[in-house]
Amino acid sequence: MAKQVRNYEQLAHDILGAVGGEENIVNVARCATRLRLVLKRSNPEFKKKVSEMPGVITVVENGGQFQIVIGQHVGEVYDAFTNITNVEDNTEENMQKGSILNRVIATMSAVFAPFIYILAAAGILQGILILINLAWPAFAKTGTYEVFSFISWSPFTFLPIFIALTASKHFKVNTYIAVVCAMALVSPTWAEIAGRIAEGEKITFMGIALSQTVYTSSVLPPLFLVWILSYVERFFNKVFPEVVRSLFVPLMCMVIMVPLTILLIGPLSTLFANGVADGYNYLAENLPIVAAIIIGAFWQVFVIFGVHWGITPVVLANFDNYGRDSFQAYQTIAVIAQVGAVLGVFLKSKVQETKSVALSAGITGIFGITEPSIYGINLRFKKPFIIGCISGAVGAVVASFFNPYYYVYAGLPGPLTIVNGISKDNPSSFIGICIGVAIAIILPIVLIMMFGYGEDTAKAVDTKLDTPEDIDDEDNIITTESLEQVVVSPLSGKFIPLNEVKDPVFNSGAMGKGFAIDPSEGIVSSPVEGSIVMTTPSKHAIGIKSNDGVEVLIHVGLDTVELKGEHFDLLVNEGDKVSIGQPLIHFDKKAIESKGYSTVTPVVVTNTMNYNDVIIDNTNTSVSNSNRMITIIK
């Protein structure tokens with residue numbers, strides 16, 4: 001948690017100086033918790049300097065933005081920053097003009113993030129089937145095995161349809177047109193045609209020879225299809241009058257895009273993916289130690305910058321062409337090394353807040369999710385992240401001597417997926433992965449216990465009270481009853497643990513403890529009695545300070561700042577007094593979600609460090625407005 005700061009003008013000046021001055025800034029914007037800068041040039045030193053400033057929680061560089069996480073007082077810093085610069089907020093324009101690399105990274109993230117857990121679940125199911133077959137070989141010949149096997153392969157077989165769904169939202173294409181085009185690519189009829197071509201039969205389309213490319217499990221062909229479809233659909237929407245547009249736009253898009261894909265887009269993009277995969281495979285087979293060091297040491301660095309999504313087509317190409325992949329074997333070791341580092345901090349730290357965040361992050365790491373470990377602990381103290389990278393490299397190098405491969409795709413490589421390295425034809429693979437994993441989890445714990453993990457700036461709270469009463473700073477009696485404060489739910493809907501929210505700033509606990517709600521209706525009401533201390537121009541977030549000093553941030557949706565207030569109606573102003581249950585924000589849930597944004601709403605106690613404990617005491621699946629959710633112990 002960041003140390004409180006009141007001189008926002010000074011912080012703004014310090015940030016401006018640390019990032020190279022006004023001449024290095026293209027654009028400045030803000031959301032509910034972050035000051036977002038687009039820089040002409042970036043430097044690792046910028047991030048280091050800004051991260052260490054009082055008032056800054058952390059810095060995240062992603063999608064071409066230098067995002068400074070400040071928390072509830074970002075509005076004051078933004079106002080101070082814009083007062084001392086002449087840089088205008090033109091975020092949307094600059095994102096469109098961003099570098100090709102940043103746009104590719106943003107696209108990969110937007111496309112794969114929504115369904116990566118489905119692929120991970122299917123991978124775990126395949127791993128379970130591997131274990132059952134090892135213990136009971138006859139199981140592989142049963143109908144039960146066949147049913148579970150085709151279930152586990154289904155997400156990969158029809159992967160182009162997943163990509164069409166998410167890519168259509170990213171590129172703002174009619175989802176149904178995108179999906180029907182993807183369905184054509186994975187049609188059994190096309191697979192049969194491609195098979196006949198592979199056997200030597202010549203089949204043409206309008207005189208042009210068709211290739212034998214099959215699109216089940218493919219990544220780039222459907223992705224490029226939807227991207228080009230966005231231009232084709234836009235063109236025909238302008239050409240056809242509204243009275244026939246709903247019929248003829250889908251018709252023209254289908255008859256153009258599917259043949260274009262099987263004739264040109266598919267063969268070229270598949271050739272590219274296979275070429276990159278072959279390049280990596282050459283390195284892994286001829287210089288395995290080099291490949292192990294690169295992936296073991298730097299994979300989590302790729303995760304921080306968001307470029308990790310770009311490797312997905314390469315990995316899937318390996319499984320499709322060879323039925324195995326070594327990248328994910330080394331990737332697993334890199335992931336587990338960061339989990340080992342966070343467990344080392346848990347064992348070494350004597351500060352309860354640090355131990356709590358570390359334990360929570362370590363648990364999510366079991367499922368291959370390392371963002372809480374990285375942002376919540378390892379990057380926060382820096383040394384654990386470096387130790388994790390070193391340990392990942394050592395573990396991967398040792399594993400490389402055993403010819404390690406994954407034989408089943410793992411959506412989220414981690415401790416639960418090491419069984420994917422089991423193979424009767426290559427028994428040393430699993431042994432090597434297990435040894436590498438053991439090193440990756442033990443070595444960082446040992447190093448942190450020996451050398452520490454850096455300065456712990458978390459505020460240790462003395463929980464001992466000599467009597468049932470204590471005295472506050474103004475010599476007023478505090479009764480035992482007043483040591484508890486309550487925060488109720490501001491929305492009705494489905495409860496979601498904060499560590500499951502798909503935003504590293506919230507799920508890591510960096511903003512404070514809390515929970516999230518997937519709302520069933522578009523009304524946000526006050527969870528405490530107090531005053532409005534923060535609103536945003538985009539109307540999607542609000543900060544409240546209770547009469548007892550509890551600071552609560554309510555952030556409606558993820559990345560909804562990009563809507564610039566559309567579909568939101570703010571009912572209060574900064575400084576207004578509010579009571580529990582009083583409506584604060586109205587929002588159009590369906591309209592927001594139709595534009596591809598999640599309405600999952602984090603509710604966070606941003607001054608968690610001021611309290612002995614913040615307890616989530618209502619984890620029921622269904623939550624109603626004004627249900628008691630949090631008990632705060634002073």
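User: How many disulfides does the structure hold?

Analyst: The structure holds zero disulfides, a disulfide being a pair of cysteine sulfur atoms within 2.5 Å. This is a predicted model, in which local features need pLDDT of at least 70 and side-chain atom pairs count only at pLDDT 80 or more, whereas totals for chains, interfaces and linings use all residues. Residues are numbered from 1 along each chain as its sequence is written, and side-chain values use heavy atoms, with hydrogens and water left out.

User: What makes cysteine 181 and cysteine 389 buried?

Analyst: Buried means under 20% relative accessible area, exposed means over 50%, and partly exposed is in between (1.4 Å probe, protein chains only). Cysteine 181 has a relative accessible area of 0% and is therefore buried, and cysteine 389, at 11%, counts as buried too.

User: Why is the pair of tryptophan 227 and tyrosine 231 called edge-to-face?

Analyst: The structure holds 17 aromatic pairs, and tryptophan 227 with tyrosine 231 forms an aromatic pair with 6.3 Å centre to centre and 75 degrees between the planes. Rings of Phe, Tyr and Trp (its six-membered ring) pair if their centres lie within 6.5 Å, and planes under 30 degrees apart count as stacked, over 60 as edge-to-face and the rest as tilted, so these values give an edge-to-face pair. The two residues are four apart in helix H11 (residues 220-239), so that about one helical turn separates them; helices (H or I, at least four residues) and strands (E, at least two) are DSSP runs, numbered from the N terminus. Tryptophan 227 is partly exposed at 38%, and tyrosine 231 is partly exposed at 48%.

User: Which residues do ring pairs link into a cluster?

Analyst: Trp153, Phe156, Phe319 and Tyr409 are linked into a cluster by ring pairs.

User: How do you know that the charged end of arginine 324 sits over the ring of tyrosine 405?

Analyst: A charge sits over a ring if NZ of Lys or CZ of Arg is within 6 Å of the ring centre and within 35 degrees of the ring normal. The charged end of arginine 324 is 4.0 Å from the centre of the tyrosine 405 ring and is placed over that ring, while lysine 355 lies over the face of phenylalanine 346 at 4.4 Å from the ring centre.

User: What makes lysine 48 and glutamate 52 a salt bridge?

Analyst: A salt bridge is a side-chain nitrogen of Lys or Arg within 4 Å of a carboxyl oxygen of Asp or Glu, and the side chains of lysine 48 and glutamate 52 meet at 3.4 Å, N to O. The structure holds six salt bridges. Both partners here count as partly exposed, lysine 48 at 41% relative accessibility and glutamate 52 at 47%.

User: Which parts of the chain does the salt bridge of lysine 589 and aspartate 518 link?

Analyst: The closest N and O atoms of lysine 589 and aspartate 518 are 3.6 Å apart, and the pair links distant parts of the chain, with lysine 589 in helix H21 (residues 589-594) and aspartate 518 in strand E11 (residues 513-519), 71 residues apart. Lysine 589 is buried at 19%, whereas aspartate 518 counts as partly exposed at 28%.

User: Why is helix H14 described as largely enclosed?

Analyst: Eight of the 11 residues of helix H14 (residues 312-322) are buried, so the helix is largely enclosed by the rest of the structure. Among the buried residues are Pro313, Leu316 and Phe319, and just after H14, glycine 323 takes a positive phi of about 75 degrees.
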